[in-house]
Amino acid sequence: MFKESRNGEGLVYDPLVKKWHDFTLPIRENSTWFAASSCGLVCFVDNSKGYVLYMCNLMTKSWTKLPEPHQRWISDYYAVSITVDKVSKAQHALVARSNQLPNDYLRCCFAIESCDSVSCTWRTLLSTTLHGWRGGENSVICNGIFYCVIHSTAMLGNRDDECRLGLLSYSLSEGKLEVGNMPMPCPLTCVKLINCNERLIMVGGIGKSDVVRGIGIWELGAQWKEISRMPNKFFRGFGEFDDVFSSSGADHLIFIHAYGSPQLLLFNMQQQSWRWSQKCPMVKKHPLHLFTGFCFEPSLYIRPWGS
């Protein structure tokens, strides 16, 4: 969790020993923000100079800059995911880019770009036009499938009974794209996709008209199956929620916190239990002070390609 969004200083929480530790990111670009993590590696993005990605092992402090695309990307929305093959250690980065068509609010240009540690170059896997949807900024790779949250461009006005979010999936092996075929389980204000041991988990804010009235956790199978819903005593403990909040996870743990508070809530999927972390030492300095964070699995045995 970051103390400030503009530098690399922060705190890391170890759920095994239930302690917070001082931690500094090795990459300290002011415009760098967290993008994705997998198998001990974390991908950061610098979008001030086009779209530059860095792969990093936070435990060994080793990092590398990924090759830049041949043409500078200029898009309205980006979603980044990475995956690491646990056997070959091959690393794969995907970027989903979205651009609204000029004078056409309902249609959006959507492309998926790919770069891996074998080819070390960017290539376009998919380029298409979405009708009634636009890409978002949240994605994940799970079981060889790239999933991306998409936002409806057709649902306007007071249609609060419908969810304005959907799911896009793209099979990396088959090159098959599916858009909006898996409806959300209920109206949601925001969602976060998480890969937990190759299980696609979704954390979502339950509510209408951009007001969060609860938080639920689902797993995708033949359809979305609810795993748990945050008890009211924990939900009230966050204070006042905006329409969005932060969540991440790995293995069997899910971490949730509000952007306006350093309080961290943990959900254990194995034990089906909710609990607060130890009190975070960070202090809210002013009313607009926001807190951002992410989850990664520590590893000493994997290196970013090219490092």
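Okay, housekeeping. What we have is a predicted model, where local features need pLDDT of at least 70, side-chain atom pairs count only at pLDDT 80 or more, and totals for chains, interfaces and linings use all residues. Residues are numbered from 1 along each chain as its sequence is written, and side-chain values use heavy atoms, with hydrogens and water left out.

Let's start with the second largest pocket, which has a volume of about 920 Å³. A pocket here is an open set of points on a 1 Å grid over the protein atoms alone, where a 1.4 Å probe fits, with protein on both sides within 12 Å along at least five of seven lines; lining residues have an atom within 4 Å of a point. The volume is the space filled by probe spheres set on the points, which are joined across faces, edges and corners.

Who sits closest to the centre? Of the 40 lining residues, that would be Y13, P15, F255, C295 and F296. Strands, by the way, are DSSP runs of E, at least two residues, numbered from the N terminus. β1 gives the most, with 6 residues. By type, the lining divides into 22 nonpolar, 13 polar and 5 charged residues. For that count, Ala, Val, Leu, Ile, Met, Phe, Trp, Tyr, Cys and Pro are nonpolar, Asp, Glu, Lys and Arg are charged, and the others, Gly among them, are polar.

Next, salt bridges. The structure holds 6 of them, each being a side-chain nitrogen of Lys or Arg within 4 Å of a carboxyl oxygen of Asp or Glu. Take E113 and R97, with their closest N and O atoms 3.0 Å apart. E113 is in β9 (residues 104-116) and R97 in β8 (residues 91-101), so this pair ties together parts that are 16 residues apart in sequence. Both E113 and R97 are buried; buried means under 20% relative accessible area, exposed over 50%, and partly exposed in between, with a 1.4 Å probe and protein chains only.

Another one joins E219 and R199, at 2.8 Å between the closest N and O atoms. It links β17 (residues 214-220) to β16, with the partners 20 residues apart. E219 is partly exposed because its relative accessibility is 23%, and R199 is partly exposed too, at 33%.

Now the outside. M59, L300 and Y301 form a nonpolar surface patch with about 400 Å² of accessible area together. Patch members have over 30% relative accessible area and no salt bridge; nonpolar side chains (Val, Leu, Ile, Met, Phe, Trp, Tyr) are joined within 5 Å, like charges within 9 Å. Areas come from Shrake-Rupley with a 1.4 Å probe. M59 is in the loop between β5 (52-57) and β6 (62-65), while Y301 lies in the segment after β22. Y301 counts as exposed because it reaches 75% relative accessibility.

Last item: backbone angles. Most residues other than glycine have a negative phi. K18, in the loop between β1 and β2, has a positive phi near 60 degrees. E198 is also positive, near 65 degrees, and is found in the loop between β15 (188-196) and β16 (199-206).

That's me done.

How values were computed:
Helix = DSSP H or I, 4+ residues; strand = E, 2+ residues; numbered from the N terminus.
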